[in-house]
Amino acid sequence: MLEVAGLSKRFGGVRALDGVTLGVAAGRVHALLGENGAGKSTLLKCLSGVHQPDGGSMLLDGREFAPSTPAHSEKAGLRFVHQELNLVPHFTAYENAWVGRRYPRRGGLIDWRAMRARFSETCERYGLEIDIDQPVGRMSIGRQQIVEILRALMDEARILVLDEPTAALSEKEAAVLHRIVRQLAAHGCAVIFVSHRLEEVMAIADDYTVLVNGATAGSGRIAETDRDGLVTMMAGGGFQARPAASMTTTGPTVLALSKFAAAPGRRPVDLNVAAGEIVGIYGIVGSGRSSLLKAIWGAGAYSQGGISIDGRALPATGIASRIRAGVAFAPEDRRAAGLVMDHSILDNTLLPRLKLNRLVQALPLLSWRSARRDVGQLLAQRGVKYGSINDRVSTLSGGNQQKALIGRWVRPACRLYLLDEPTRGVDVRSKAEIHALCQSLAGQGAAVVFATSDIEELVTLAGRVLVMAGGTITLDSPNRDLGRRTIVEAAVRATPEQESHS
């Protein structure tokens, strides 16, 4: 259905695509793989009409395909669900689904009832449950991702492109998406599936193409390769992923929560995290894991109970008090809540170091020179690939943005690191580097608490596992021979409040 031959694209002196070839067949799921910065996003933007290639050709059903705008690509039957969400926060789910479409009208006025009914039908058709009248700004990232997917499925798609569609979904939601993908393929739709979760790729894809440094490094049938083969191909043969060794510790307590609640009506949480300990929090979307981290960080709209760092009590809210106490935070949504996308890499790296920023203003020449040198060294240590530290942080790939987001807290060192989905949407190499960084921070005596929807990451990195459901902790266990079934059962376990309500 879709053929790409010799596609090339330059941005200044950077060659983003270098002779890419790709063949996607109708009725099959085609995995597009590669490390962050390999050229996947640029290729997708050429297919969507956002970018026009400098060379090469694209054919759709054997005819020349050169979309000049996203509308042109959509008219040809391509539908895109991008990794970075594009939703209007104060619009409801069904209102967002109609953005960019011609609104139905009745008597010259917008027919809101027809809009709502059409979106509701799409939800029912694919078995996705969502509150269509809720503003998406109040939804979790996982729920917002579902809205994006439903928006793409409002019209019939000939080619559906999914860029990291399950990065923020629970296992149950991901399973529903997989069912939809297979359903679409069975009806003749071609699906291009971009994912860094190789187990997922092995389970759902029929074919694959791997990009390395903007060029096609290999392609074939999934049945004729394995996970290690894909990893080796993606890394150009120079990298082998190794699981991080889980750690246990008996160091002094860094974080102490006493009868701590992150939202009204939630059962209070008691929790101690020791120096050198890596604690992983797992839970399905809506379990409260992100709310708990935000409340610890002091950014929650509501919290009650006691919280202390190294034995010193902190107020219920207030981010400044956390920073002074040596707490670091990397949010789930790096674009909306973690980085200032229109500012430079330098500015974003210096954000937590407010005292240095004030010094820069007082002594601009000396301090800027020192700050630039310090930031350059820090980014090099974290393996962040960039052109100039004066470039906008939006020019970095997703994996490099994430490494910069976490790495900026490393110097000066903090006592507690709160990481929400620290490897969401990053490649296997970046994932291993972030895991190694967590191990290094714990080895230096810091406490690391991370939330994840990836059970593989949970059991690989955490020395101690917490599972949340309904805003409370349903499992607190050392990560020694902890079975996947035990974790999943704890994640779907009804809380006493839910049982009494039912």
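**Pocket, rings and buried parts**

Modeller: Helix H1 gives 5 residues to the lining of the largest pocket, the largest share. Keep in mind that this is a predicted model.

Colleague: What makes a residue part of that lining?

Modeller: A lining residue has an atom within 4 Å of a point of the pocket. For the largest pocket, 47 residues line the space. Nearest its centre lie Gly37, Ser41, Thr395, Leu396 and Ser397. Two or more lining residues come from each of strand E2 (14-24), helix H1 (40-48), strand E11 (207-212) and helix H15 (398-407). The space itself is about 1600 Å³.

Colleague: H15 has come up already. Why is H15 called largely enclosed?

Modeller: Buried means under 20% relative accessible area. In H15, 10 of the 10 residues are buried, so the rest of the structure largely encloses this helix. Among them are Gly398, Asn400, Lys403 and Ile406.

Colleague: Why does Asn348 count as buried?

Modeller: The relative accessible area of Asn348 is 2%. The cut-off is under 20%, so Asn348 is buried. Asn348 lies in helix H12 (residues 345-350). Leaving aside neighbours within four places in sequence, Asn348 touches Leu339, Val340, His343, Val393 and Arg408.

Colleague: On to the rings. How many aromatic pairs are there?

Modeller: The count is 3 aromatic pairs.

Colleague: Why are Tyr103 and Trp112 an edge-to-face pair?

Modeller: Ring centres must lie within 6.5 Å, and planes over 60 degrees apart count as edge-to-face. Tyr103 and Trp112 sit 6.3 Å centre to centre, with 65° between the planes.

Colleague: What makes Trp297 and Trp409 an edge-to-face pair?

Modeller: Their ring centres are 5.8 Å apart and their planes stand at 85°, so the pair is edge-to-face. Trp297 is in helix H9 (residues 289-297), while Trp409 is in the loop between H15 and strand E19 (416-420). The pair therefore ties together parts 112 residues apart in sequence. With Phe329, these two residues form one aromatic cluster.

Colleague: Why do Trp297 and Trp409 count as buried?

Modeller: Trp297 has 7% relative accessibility, so it counts as buried. Trp409 has 8%, so it counts as buried as well.

Colleague: What lines the largest cavity?

Modeller: Its lining is Leu128, Ile146, Ile149, Leu169, Glu173, Leu177 and Ile180. Helix H5 (141-152) and helix H6 (171-186) each give two or more of these residues. H6 has the largest share, with 3 residues. By class, 6 are nonpolar, none is polar and 1 is charged. The volume is about 40 Å³. The whole structure has 1 cavity of 30 Å³ or more.

Colleague: What is the pLDDT of the protein?

Modeller: The average is 85, and 90% of the residues score at least 70. Over residues 362-366 the pLDDT is below 50, and this stretch has 1 contact beyond near neighbours in sequence. Residues 494-502 also fall below 50, with 8 such contacts.

Terms used:
Residues are numbered from 1 along each chain as its sequence is written. This is a predicted model: local features need pLDDT of at least 70, side-chain atom pairs count only at pLDDT 80 or more; totals for chains, interfaces and linings use all residues. Side-chain values use heavy atoms; hydrogens and water are left out. On a 1 Å grid over the protein atoms alone, a cavity is a set of points where a 1.4 Å probe fits but cannot get out, and a pocket is an open set with protein on both sides within 12 Å along at least five of seven lines; lining residues have an atom within 4 Å of a point. Grid points are joined across faces, edges and corners, and a volume is the space filled by probe spheres set on the points. Helices (H or I, at least four residues) and strands (E, at least two) are DSSP runs, numbered from the N terminus. pLDDT is the predictor's confidence in each residue, from 0 to 100. Contact means heavy atoms within 4.5 Å. Rings of Phe, Tyr and Trp (its six-membered ring) pair if their centres lie within 6.5 Å; planes under 30 degrees apart count as stacked, over 60 as edge-to-face and the rest as tilted. Buried means under 20% relative accessible area, exposed over 50%, partly exposed in between (1.4 Å probe, protein chains only). Ala, Val, Leu, Ile, Met, Phe, Trp, Tyr, Cys and Pro count as nonpolar, Asp, Glu, Lys and Arg as charged, and the others, Gly among them, as polar.
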